[in-house]
Amino acid sequence: MLSEIAFYGAIETGLIYGLVAFGIYISFRVLDFPDLTVDGSFPLGAAVAAVLIIGGWNPWIATGAAVLAGMAAGAVTALLNVKLKILNLLASILTMIALYSVNLRIMGRPNVALLTEQTVLTPWYNLDLAYHQVPVLLFIIVVIVALILLWRFMKSETGLAMRATGANPRMARAQGIATGAMIVLGVALSNGLVGLAGALFAQSQGAADVTMGVGVIVIGLASLIGGEAVITPSTVVRALLACVFGAIIYRLAIAFALNADVLGLQAQDLNLITAVLVTLAIVLPGVRSSVIGKFTRNKA
Amino acid sequence: MAKRTLRTLIGATLLAAASLGQAQEVRTVAITQIVEHPALDAVYQGVKDELAEQGYTEGDNLTVMHESAQGNSAIASQIARKFVGESPDVIVAIATPSAQTVAAAARNIPVIFSAVTDPVGAKLVSSLEAPGKNISGVSDMLPIDKHLDMLQRVMPDAKRIGTVYNPGEANAVSLVELLEERLAARDLKLVKAAATKTSEVLGASRSLVGEVDAIYLTTDNTVISAAEAVISVGERAGIPVFAADTATVARGAVAALGFDYYNHGRQTGAMVAKVLNGANPGDMPVETMDTLDLFVNPAAGKRMGITLSEDLIRDAKEVVKSDK
């Protein structure tokens, strides 16, 4: 079975990836904008936060700067799409590969260690909690704050305009919504959240590394889709909750897979497990509704 | 389920052994590596082989847990938590990102790292001589001094050493800084030539002609990718080219004193065995590679205007015979 430390570790990583899933919810679901920038903006947030923390800045200010850097990266992708008419997927790939070099420039080397630095977590270790519970408590607070702010934003006039832009761009334009500006704002917001996740991840695991963005998009999508399979995203709040729960469920599944000696699973099977999990998450809701559909038809 | 059965089994075996008066404790070593590739896999194998040689046999008195993060840092972090939760006797972390995640999660469990170039820069230890806390290991930092001993053995009269490096590559820059310092300690002068991409390596090498007596190349990725350019300049201008990695000798460098990652793993395994025998990592200095293999290429030497001595060739683990 899972040890307590492995369990809290899964929740901690799940909460961080919940923020990534928020970002992917905005780009993929709200704006219908397939955005791969996140594989670059995640390490970008980590790099900016790490370098500023090393430079003696307050870790919360460093984390805030990471959010702004992520937003700038997202804005670049959106502007490539809106202003230069580059296909959205391609625009995001361009930003993503550019960010690899940018991240190396920012850090000056491939890996910046934070193991002995003051991070946003440091003061919290004075609380009367086990070492592995501290990040979970702090990240729960961060995720709840982000969720409330996003929820209120989505209900605001700008948020509604953004949702209209994603749902039906032509109609939105006819209603006088500046759809280009909405895409820039939305993709920037999305990557700001991912930058935040990167900054928190670097601080909890002790280093920013240039390779840490690999696969963030796949894991974020897996969390989003998995969460939607559990919580039907009929409202904004439910959709956001689905993101967090999906990310945590995904992490718990990985933790169990790491413990699954029983099934004969080994380290090299992990990517396969991920693929199977994502496939199941995509397919299962369809199976469920078709089964329910049959039942209701039979009744009628 | 299976684990519990296993534990019961082990427990029963222990009881049986104890009743026979020869209790043998089963020790646990957890090994995590950031990604699977030949060099890191060789480290893993080396650790296990060395432990076996030191009397810790898997399935007998040793349980080995092994996970790879498949290049994904979030999974590396989860593997670290899993291992810490199982509280093994030693956690072995292969490569810098894995070592950092383990260091962030493990408070009291002994950790031995491997294939970490700069453990101080990675903040794993506060100093190489006295790590202090619960972490030590083996660094794959180049043994520059031993390389320079070898170079001076071949060319005792060399005064000016040239190197080509990429100023945009972090590892290369720190190696060149170290090289400059170590050369100065020997009263030798370093002449640097910068190449930011492979296409600039030829021009940079040419700029060294007339300025240097020998060329020494570190493990700079950009330069090693274009090592033939440096070698061709060395051949034309009669400047011997030495390398830090043995593979470049087959490509035409005169000699290299390198190590392979299997031996790196063996050395790591020896440290793990010490910890299993009761040593505390904090008291164990960080080790660098002590088994180094000499590769020489006499024909390349001839083309660059030097003859390698008989005893050097005798000492070589491999004599490359290239005649182009």
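Visitor: What makes helix H11 (residues 270–299) of chain A stand out in confidence?

Guide: In chain A, helix H11 has the lowest confidence, at a mean of 66, whereas helix H3 (residues 59–82) has the highest, at 98. The score is pLDDT, the predictor's confidence in each residue, from 0 to 100, and helices are DSSP runs (H or I, at least four residues) numbered from the N terminus. This is a predicted model, where local features need pLDDT of at least 70 and side-chain atom pairs count only at 80 or more, while totals for chains, interfaces and linings use all residues. Residues are numbered from 1 along each chain as its sequence is written, chains are lettered from A and ligands numbered from 1 in the order written, and side-chain values use heavy atoms, without hydrogens or water.

Visitor: And what is the mean pLDDT of chain A?

Guide: Chain A has a mean of 90, with 89% of its residues at 70 or more.

Visitor: Why is A:Leu94 called partly exposed?

Guide: Partly exposed lies between buried (under 20% relative accessible area) and exposed (over 50%), with a 1.4 Å probe and protein chains only. A:Leu94 has 36%, so it counts as partly exposed. Its place is in helix H4 (residues 88–107) of chain A.

Visitor: What makes the contact between B:Arg81 and A:Glu12 a salt bridge?

Guide: The rule asks for a side-chain nitrogen of Lys or Arg within 4 Å of a carboxyl oxygen of Asp or Glu. Here the N to O distance is 2.6 Å, and the pair qualifies. Across the interface of chain A and chain B, the rule finds two salt bridges.

Technical notes. Helix = DSSP H or I, 4+ residues; strand = E, 2+ residues; numbered from the N terminus.
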